[in-house]
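Hello,

Here is the structure for you to look through. My notes on it follow below.

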Amino acid sequence: MTKHLFFSNVIITTLAIVMPTFVNGAEFIQGVVQLGGQLRDGTAVKIDMRTVKLTPQYPYAHAFMWGGDFESRSEVIMPKNVIAAINIQIGNEKMFVPLSAYSDLGNPYQASFEKTDRGFRLIIAGRGGTSTPYKAVLEFNNENIQRRRITLDIFPDEVWEETEYSFKSSTDEK
């Protein structure tokens, strides 16, 4: 009995060390996902994401989006839905997230929150009907989005997109 408890504690401790530091993860249910976590200093973070179904009248119906596919060289297949809003609150402050950070992320099915030394990451997984899954990693400091990197799961080093963001910080001199 003592040996079993010892080995159970060793396994649990090992998993705690090896496993990534996902504070919270959830699947999109009826187009909505809500996450929460804490920054390194203990400040609460709340994230709310919503999707909308795409119709042929969508203004960017002929643009390629992650989670979509190509029917031919000149014709794209739209994803069924796309992220329409990401609302983030850190403590009592709402964070601005530009439309360019999420407006082309189609068919998301899962999201996770991961705290980092300088803020946090929002990880969004998506997939299309015939296309392969993608992963979008949005990196935030305690005030703004800093970077977005999207990779195709089967070719993460060959098929990717990256955007860096720059904002005037509230701590910058005026």
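The protein exposes about 11400 Å² (Shrake-Rupley method, 1.4 Å probe; for residues, only the protein chains shown count as cover), and carbon and sulfur atoms supply 54% of that area. This is a predicted model, in which local features need pLDDT of at least 70, side-chain atom pairs count only at pLDDT 80 or more, and totals for chains, interfaces and linings use all residues. Residues are numbered from 1 along each chain as its sequence is written, and side-chain values use heavy atoms, with hydrogens and water left out.

There is one helix and there are 12 strands; these are DSSP runs, H or I of at least four residues for helices and E of at least two for strands, numbered from the N terminus.

The structure holds seven aromatic pairs. Rings of Phe, Tyr and Trp (its six-membered ring) pair if their centres lie within 6.5 Å; planes under 30 degrees apart count as stacked, over 60 as edge-to-face and the rest as tilted. Phe96 and Phe167 are edge-to-face because their ring centres are 6.1 Å apart and their planes are at 80 degrees. Phe96 lies in the loop between strand 7 (93–95) and strand 8 (108–115) and Phe167 in the segment after strand 12 (160–164), so this pair ties together parts that are 71 residues apart in sequence. Ring pairs also link Phe64, Trp66 and Tyr134 into a cluster.

Two arginines sit over rings (CZ of Arg, or NZ of Lys, within 6 Å of the ring centre and within 35 degrees of the ring normal): Arg127 over the face of Tyr109, 3.8 Å from the ring centre, and Arg149 over the ring of Trp160, 4.4 Å from its centre.

Regards
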